[in-house]
Amino acid sequence: MLEGVKLDRSSLVARIRRHHPRFLKLRTLMLGCTAGEGHLATSKYLSPAVVAGTLAQGIVAQAHALGTQMIVLKEFPRGDRRDLACFEREGFGRAPSMPMTTLDIDYRSFDDYMQNALSAKTRRDLRKKLRAADSSDLKMTVTDNAASFIDELYPLYLQTYERSNFHFEKLTKDYFRRLGCEMSDKTRFFIWYRGNTLIAFALCMVESDEIFAEYLGLDYDFALDLHLYHYISRDVISWAMTHGYKRFRSSGLNYDPKLHLRHQLDPIDLYVRLVSPAANRIMRLMLPWIVPVRYDATLPKFSDYHQIW
């Protein structure tokens with residue numbers, strides 16, 4: 001139940017779990033995608049609302065049959081709220097997950113975007129940060145399959161994962177390897193070298209005129225001094241503009257630089273229910289107060305913050 005929170009070893013929950021390892025850990029039935037957004041199936045003969053209604057009516061019985069205590073619909077887009085309202089009528093609570101963000105990149109170049117979209121102060125700060133990496137002679141390559149680099153990429157992903165204050169899905173080395181092998185038409189790995197040393201990568205997915213930034217891996221021996229996050233953002237967006245993409249969408253977290261770069265929030269929702277009706281009534285009251293978005297200091301500064309609720 002506390003999957004999205006990085007627990008300090010001295011916290012009350014951590015101390016309890018030393019003696020009761022299963023405290024606040026429930027066997028869970030999850031609907032959605034293990035890594036990324038969930039989406040409802042649709043076809044010419046089947047609407048998303050019909051799919052959602054069928055799931056909502058049968059899912060509690062399925063959870064009973066599987067011996068699970070909690071049901072979670074993971075990270076469905078804000079646009080699905082009307083279709084998924086049937087779950088709320090079946091006792092599910094809806095709460096925001098850490099929102100994605102979206103940025104209009106329909107500009108001639110990154111310089112054009114900076115000049116027309118960013119404030120003068122942000123432009124000065126960004127150029128200063130980019131100079132640090134530009135002076136280090138970094139080289140970028142783009143590939144749809146990183147299988148041959150996986151032993152170098154994966155430790156960088158783990159470095160970034162472990163530094164995060166919030167831990168969600170932890171991807172495996174095989175996940176990155178299989179993406180390029182099975183979805184090469186959608187997958188783009190951006191890889192940066194300093195000399196012969198691979199120091200950063202960004203995994204992106206492409207669909208229509210949108211590019212989705214999904215996961216980063218950074219070598220923290222260099223990342224902070226070289227402001228690699230900003231450098232990577234500049235290079236990926238520049239590449240996307242050159243290849244005709246119009247929107248840049250990014251996964252959650254790192255909201256402060258996104259705020260200054262003029263991203264807008266792209267809300268995604270969790271729907272949660274405990275199988276026990278009595279426990280579920282209590283959980284629904286608690287749910288809005290235990291989601292991490294409640295305590296992120298940057299999110300309320302976005303002009304469209306209200307939409308995540």
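## Strands β7 and β8

In this predicted model, Val-206 has Ile-211 of β8 as its bridge partner. The pairing of β7 (residues 197–207) with β8 (residues 210–218) is antiparallel and extends over eight bridges.

Both strands belong to an open sheet of seven strands with mixed pairing, whose order is β5-β6-β7-β8-β9-β4-β10. At its edges stand β5 (138–143) and β10 (264–266), each of which pairs on one side only. On average, neighbouring strands of this sheet are turned by 30 degrees against each other, direction ignored.

Helix α6 (residues 150–163) lies across β6 (187–194), β7 and β8, and its direction makes about 85 degrees with β8. The 14 residues of α6 should span 20 Å at 1.5 Å a residue, and this agrees with the distance of 20 Å between its end C-alpha atoms.

The buried residues of α6 are Ile-150, Leu-153, Tyr-154, Leu-156, Tyr-157 and Tyr-161. Because these residues cover an arc of only 165 degrees around the axis, they are placed on the same side of α6. An α-helix has 3.6 residues a turn, so residues three or four places apart point the same way. The packing partners of the buried residues of α6 are α7 (173–182), β6, β7 and β8.

Ser-250 is part of strand β9 (residues 247–250). With a relative accessible area of 7%, Ser-250 counts as buried, because the cut-off for burial is under 20%.

The side chain of Ser-250 is joined to that of Lys-258 by a polar contact of 2.9 Å. When neighbours within four places in sequence are left aside, the contacts of Ser-250 are Met-100, Thr-101, Ala-213, Lys-258 and His-263.

The pairing between β1 and β2 (residues 70–77) is parallel and comprises five bridges; within β2, Val-72 stands opposite Met-30.

Terms used
Residues numbered from 1 in each chain as written. Predicted model: local features only at pLDDT ≥ 70, side-chain atom pairs only at ≥ 80, totals over all residues. Heavy atoms only, no water. Pairing = 2+ DSSP bridges. Helix = DSSP H or I, 4+ residues; strand = E, 2+ residues; numbered from the N terminus. Axes fitted to C-alpha atoms, helices over the stretch in contact; angles between N-to-C directions. Contact = heavy atoms within 4.5 Å. Expected span 1.5 Å × (residues − 1). Buried < 20%, exposed > 50% of the residue type's maximum accessible area, 1.4 Å probe, protein only. Arc of directions from axis to C-beta. Polar contact = N/O pair within 3.5 Å; in protein donor to acceptor, adjacent residues only side chain to side chain.
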